[in-house]
Amino acid sequence: MNAMTRRVVIGTAAVSMAVSLAACGKAGDGDSAGGDGGGDGKTIGLLLPENKTTRYETFDRPIIEGKIKALCGDCEVKYNNAAQDTETQKKQFDSLVTQGVKVIILDSVDYKATKSWVQQAEKQGVKVVAYDRLAEGPISAYVSYDNEKIGRLQGEALVTALGAKAKDANVVMINGSPTDPNAPLFKAGAHSVLDKQVKKVVYEQDIPDWSPDEANKKMGAALDSLGKSGFQGVYSANDGMAGGIITALKKQGVKVPVGGQDAELAGLQRILAGEQSFTIYKQIKPEAETTAEIAVKLLKGEKIDDLVPTKVTSLTGEFKDIPAKLYDAQIVTKDNIASTIIADEVYKAADICTAEYKAACDAAGIK
């Protein structure tokens, strides 16, 4: 089935949560540096890139840890979050290798930076599974989504939202972080649709760290440059940035279709309220569980061929024939939140349909 990446920002509660998680990530780095050896063939490292996006602590980590425990009751997971800092992640990675950990699940902050890490790890018999983002280096396996296809789905959904006006529409593109290898794939996929089916992309920016605040500022700059009627739709690479974009549009009294990605709770609520047109849903559970299964098999020295049916090449082209499993994604609008997100128990209706959104949920038939 399908897709997610999840994001942000629900007032001060989310801010304080992000701060506490960031502190937690930094503390985790120190904790693992002490270590207890870990070279007993029972330890798997798990390194996630950031905690601004709500998916990582809420979904990816617990699903991966839970599946590893289910498959290997006496296995230990050494977990760290890099809080969007490449140097922090390098220290976390090096610490795992020093401790003798032989399998590391890596979701990289900056894919280009990982080449030397992974090469050094390989020399010491450490196998690295690239999770969600394809890291550079001699990776043992890669599990993610068909990210260029996700970009095409985003482009198609925006064209659908523009309707009959699409061929005459100017579009603003707010793309993801330049250090995330998925971001250029989303962008390329979206361009492959938009360049043919809308009039013109009139303003385009890549946003470091997928920052909603920076997306808000760039949308403000686009409004200043193009004027309120200078564009008819906005492509946002994910839901968190869509939140920042929609805030900037509201401030100027502009309402145009805006799409995102990740099926984040706040994004789903904006869709129900008519502020956001669509999101992309990527099922995290199969991605996370497959990754856990691969890691356990590698730890036990077992074959993983049946779990990685395809081959990919790294973004630089240097590393070829990387065993991979790529999952599909789907467009989510107001019309199918119930049959996708709620049916798959990503969120319950009660999570989405808070008092502020109850009427919108009722109108969409979500109970």
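How many aromatic pairs does the structure hold? This predicted model holds 3 aromatic pairs.

**Close-up A. Phe-59 and Tyr-347 form an edge-to-face pair.** The ring centres lie 5.8 Å apart. The planes meet at 90°, over the 60 degrees that edge-to-face requires. Phe-59 belongs to helix α2 (residues 55–71). Tyr-347 sits in the loop between α11 (338–342) and α12 (349–352). The pair therefore ties together parts that are 288 residues apart in sequence. Both partners are buried: Phe-59 has a relative accessible area of 13%, and Tyr-347 has one of 10%.

**Close-up B. Phe-93 and Trp-117 form a tilted pair.** Their ring centres are 5.6 Å apart. The planes stand at 45°, so the pair counts as tilted. Phe-93 comes from helix α3 (residues 86–98) and Trp-117 from helix α4 (residues 114–123). The contact thus ties together parts that are 24 residues apart in sequence. Phe-93 and Trp-117 are buried.

**Close-up C. Strand β12 (residues 322–327) pairs with β5 and with β11.** Strand β5 (residues 141–145) runs parallel to β12, joined by 4 bridges. Here Tyr-142 stands opposite Ala-324 of β12. Strand β11 (residues 310–312) runs antiparallel to β12, with 3 bridges between them. Val-312 has Ile-322 in β12 as its bridge partner.

**Close-up D. Lys-325 places its charged end over the ring of Tyr-327.** The charged end of Lys-325 is 5.0 Å from the centre of the Tyr-327 ring.

Terms used
Residues are numbered from 1 along each chain as its sequence is written. This is a predicted model: local features need pLDDT of at least 70, side-chain atom pairs count only at pLDDT 80 or more; totals for chains, interfaces and linings use all residues. Side-chain values use heavy atoms; hydrogens and water are left out. Two strands pair if DSSP finds at least two bridges between them. Helices (H or I, at least four residues) and strands (E, at least two) are DSSP runs, numbered from the N terminus. Rings of Phe, Tyr and Trp (its six-membered ring) pair if their centres lie within 6.5 Å; planes under 30 degrees apart count as stacked, over 60 as edge-to-face and the rest as tilted. Buried means under 20% relative accessible area, exposed over 50%, partly exposed in between (1.4 Å probe, protein chains only). A charge sits over a ring if NZ of Lys or CZ of Arg is within 6 Å of the ring centre and within 35 degrees of the ring normal.
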